[in-house]
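Trainee: Could you take me through this protein?
Mentor: Gladly. Ask as we go.

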Amino acid sequence: MRIDIITVLPELLESPLNHSMMKRAQSKGLLEVHVHNLRKWAVNEYGQVDDYQYGGGAGMVMMCQPLVNAIEELSEQRNYDDVIYLTPDGQTFDQKIANYLSLMGNLLIICGHYKGIDERIREHFVTKEISIGDYVLSGGELGAAVLVDAIGRLIPGVLNDETSALFDSFQDNLLAPPVYTRPADFRGWKVPDILLSGDPKKVDEWRTEQSVKRTRERRPGMLQNEE
Ligand code: ADE
């Protein structure tokens with residue numbers, strides 16, 4: 001899978017995309033992430049990519065021309081399955097969208113900044129608008145990092161134990177069960193006996209029970225959605 005990201009702040013994406021799981025996905029050749037500085041397509045030698053908004057008001061708007069030049073140049077090299085714009089008024093990102101996007105071959109992500117991008121880009125180029133939650137960030141970069149991480153780890157072969165993504169919270173509309181490691185007794189706080197029983201069937205049943213209990217207590221809406 002290949003993901004291209006257009007941004008005015010490539011530095012913000014360097015660290016999250018080049019460590020841990022994302023680094024592994026890329027070094028295994030399972031994921032390619034290319035970050036493009038929008039200023040490469042700036043309208044003048046000052047690197048201008050934004051301008052005042054029509055109608056007045058504080059805050060700059062990212063201009064059509066640099067974005068169109070960037071999108072068209074990148075699109076000449078490959079067909080994108082989706083052109084994603086990160087914005088607080090987009091569809092709220094969740095595991096279902098992550099699953100769907102992880103099946104794509106090429107994605108183009110546009111990070112907004114300032115007041116956002118000119119509406120005409122959204123109308124004519126963007127195919128999916130995604131928000132990572134009901135709060136406003138100063139730009140789309142952190143959202144893009146969240147998307148790439150959530151999508152990237154679902155690509156087969158990225159996680160060591162391929163099945164482990166299947167048991168993540170949300171994969172079955174359930175939160176993940178509690179987990180424990182050694183020692184079995186820490187300050188008198190004991191690991192549930194069943195996990196020490198060595199009976200995989202019982203352990204599985206216990207985990208499912210705990211998942212359902214946790215989901216009912218913390219996110220009852222998730223259980224209702226299933227019905
Ligand atoms: N840009 C600014 N806020 C955002 C959010 N909540 N999600 C995605 N992109 C954003």
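This is a predicted model: local features need pLDDT of at least 70, side-chain atom pairs count only at pLDDT 80 or more; totals for chains, interfaces and linings use all residues.

Mentor: Residues are numbered from 1 along each chain as its sequence is written, and side-chain values use heavy atoms, with hydrogens and water left out.

Trainee: How many residues of strand β6 are buried?
Mentor: Strands are DSSP runs of E, at least two residues, numbered from the N terminus. Buried means under 20% relative accessible area, with a 1.4 Å probe and protein chains only. On one side of β6, Asn106, Leu108 and Ile110 are buried; on the other, Leu107, Ile109 and Cys111 are. For β6 (residues 106-111), the count is six of six.

Trainee: Which residue in β6 stands opposite Ile3?
Mentor: Two strands pair if DSSP finds at least two bridges between them. Strand β1 (residues 2-7) runs parallel to β6, joined by five bridges. Opposite Ile3 stands Leu107.

Trainee: Is Leu12 buried or partly exposed?
Mentor: Leu12 sits in helix α1 (residues 11-17); helices are DSSP runs of H or I, at least four residues. Partly exposed lies between buried, under 20%, and exposed, over 50%. Because its relative accessibility is 39%, Leu12 counts as partly exposed.

Trainee: How far apart do the C-alpha centres of domain 1 and domain 2 lie?
Mentor: Domain bounds come from an automatic or database domain assignment. That assignment gives domain 1 (2-152) and domain 2 (169-226). Their C-alpha centres are separated by 36 Å.
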